Amino acid sequence: MPHKPSPGKIALVCGAGGFIGHHLVRRLKKEGFWVRGTDLKFPRFSETDADDFIIGDLRDQNFIKHVVDRRFDEIYQLAADMGGAGYIFTGEHDADLMRNSHSINLNILNAAHARNNKRIFYSSSSCIDPEYNKPDPDNPNCAESTAYPAAPDSEYGWEKLFSERLYLAYARNYGMEVRIARYHNIFGPEGSWDDGKEKAPAAVCRKVAMAPDGGEVEIWGDGKQTRSFLYIDECVEGTIRLMRSSLTGPINIGSNDMVTIDQLVDAVAGIAGKSVRKRHIEGPTGVRGRNSDNRLIRAKLGWSPSTVLVDGLRPTYDWIRAQAMRNVQANGQTRRVSPVVSQENRVSGL
């Protein structure tokens, strides 16, 4: 188990209104931390557990000085402009993605250093991996050491890679205790599911929930592109273990339970107890293959995620189905979301 903090510790979570940040605040509170959260917005689906939550724009230098007004035992920097494939890979948001996230990271680092805060966690992404390492969907190369020569698959990935170097430079030059994780496709309840920024598991859960038994769901691409998906509880656990270790990183935090997108659809349909047809259409798909390489995290931290994909999909599907049902009822529609027949239906090989 990771080192437990002493009573009276305080933490700052930047991006606490987002999916991972909201869950991280909840975990830190259970450990006895006093937690300050900050974001442009409060969490969308439930009340924050933060002791203090400050709404504001982390791109604003004056605002971030107000947020980082003391010494924190742990600072978690999760704030970023990001989204799923439909947001990252179209190219329409590249300037915003790079400008916004870079401004946030530079402001937070400067403010933390000015207040002599040492320990800071930065959430990078598997999108920094070189595109040339992933042409084969069945054998992607995602080891941490293969990030260079650099060739990320999107401007989002380029910004993340630059920010990794920015944090490492602050560690070298200013003695900051930086911890960097490369997240691999985090999913779970209370994440985006219908706003255009949802990741594949949430999008698939929504489509299956809204489809009648025997109905059709649309899939971008041929469905043979591969990914691994990490359940939110495992992400938070890995984040805290890294933060309280002596390892700087970057290190992968992800599952190595790789599936095709078609298999992901089959898994969700099995949980829903439905038969669905897949219709493959044109759309942004990103790289052909990506899977978390967990050799380094096992060697350095003695831990790696163990939750099987389908076990994380069950609570995620139930939560998204409930959200979809509320939307149907709120809009006065007569179409019903099909009920879950059995939660024991599983797809072979997942």
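In which crossing, right-handed or left-handed, does H1 pass H7? H1 passes H7 in a right-handed crossing; a crossing counts as right-handed if the near helix is turned clockwise from the far one by less than a right angle, and as left-handed if anticlockwise.

## Model and confidence

This is a predicted model, in which local features need pLDDT of at least 70 and side-chain atom pairs count only at pLDDT 80 or more, while totals for chains, interfaces and linings use all residues. Residues are numbered from 1 along each chain as its sequence is written, and side-chain values use heavy atoms, with hydrogens and water left out.

The mean pLDDT (the predictor's confidence in each residue, from 0 to 100) is 89 for the protein, and 91% of its residues reach 70 or more. Over residues 338–350 pLDDT stays under 50, and the model has 34 contacts beyond four places in sequence for this stretch; contact means heavy atoms within 4.5 Å. Where pLDDT is low, the predicted coordinates should not be read in detail.

## H1 with H7

Helices (H or I, at least four residues) and strands (E, at least two) are DSSP runs, numbered from the N terminus. The axes of H1 and helix H7 (residues 232–243) cross at roughly 65° and come within 10 Å. Axes are lines fitted to C-alpha atoms, for helices over the stretch in contact, and angles run from 0 to 180 degrees between N-to-C directions.

From H1, the contact takes in Phe19, Ile20, His23, Leu24, Arg27 and Leu28, and from H7 it takes in Ile232, Cys235, Val236, Glu237 and Ile240. The contact of H1 with H7 has 8 nonpolar, 1 polar and 2 charged residues. Here Ala, Val, Leu, Ile, Met, Phe, Trp, Tyr, Cys and Pro count as nonpolar, Asp, Glu, Lys and Arg as charged, and the others, Gly among them, as polar.

## H4 with H5

Helix H4 (residues 94–114) and helix H5 (residues 155–174) have axes that come within 9 Å and cross at roughly 15°. The two helices are therefore roughly parallel to each other (angles under 35 degrees count as roughly parallel, over 145 as roughly antiparallel, 65 to 115 as roughly perpendicular and the rest as oblique). H4 passes H5 in a right-handed crossing.

Residues of H4 in the contact include Asp94, Leu97, Met98 and His113, and those of H5 include Glu155, Trp158, Phe162 and Tyr174. The residues of the contact of H4 with H5 divide into 11 nonpolar, 6 polar and 3 charged.

## H6 with H8

The axes of helix H6 (residues 200–210) and helix H8 (residues 261–272) are 10 Å apart, and the helices pack at an angle of about 45°. That makes H6 oblique to H8. Their crossing is right-handed.

Ala200, Pro201, Val204, Cys205 and Val208 of H6 make the contact with Ile261, Leu264, Val265, Val268, Ala269 and Ala272 of H8. By class, the contact of H6 with H8 has 11 nonpolar, no polar and no charged residues.

## Salt bridges

The structure holds 26 salt bridges, each a side-chain nitrogen of Lys or Arg within 4 Å of a carboxyl oxygen of Asp or Glu. One of them joins the side chains of Lys29 and Asp51 (2.9 Å, N to O). Lys29 is in helix H1 (residues 19–30) and Asp51 in the loop between strand E2 (34–39) and strand E3 (52–55), 22 residues apart.

## Backbone features

Tyr148 and Pro149 are joined by a cis peptide bond, with omega about 0°. Pro149 is in the loop between strand E5 (119–125) and H5. A cis peptide bond also joins Gly249 and Pro250, with omega about 5°, and Pro250 is in the loop between H7 and strand E11 (251–253).

Asn116, a residue other than glycine, has a positive phi near 60°. Asn116 is found in the loop between H4 and E5.
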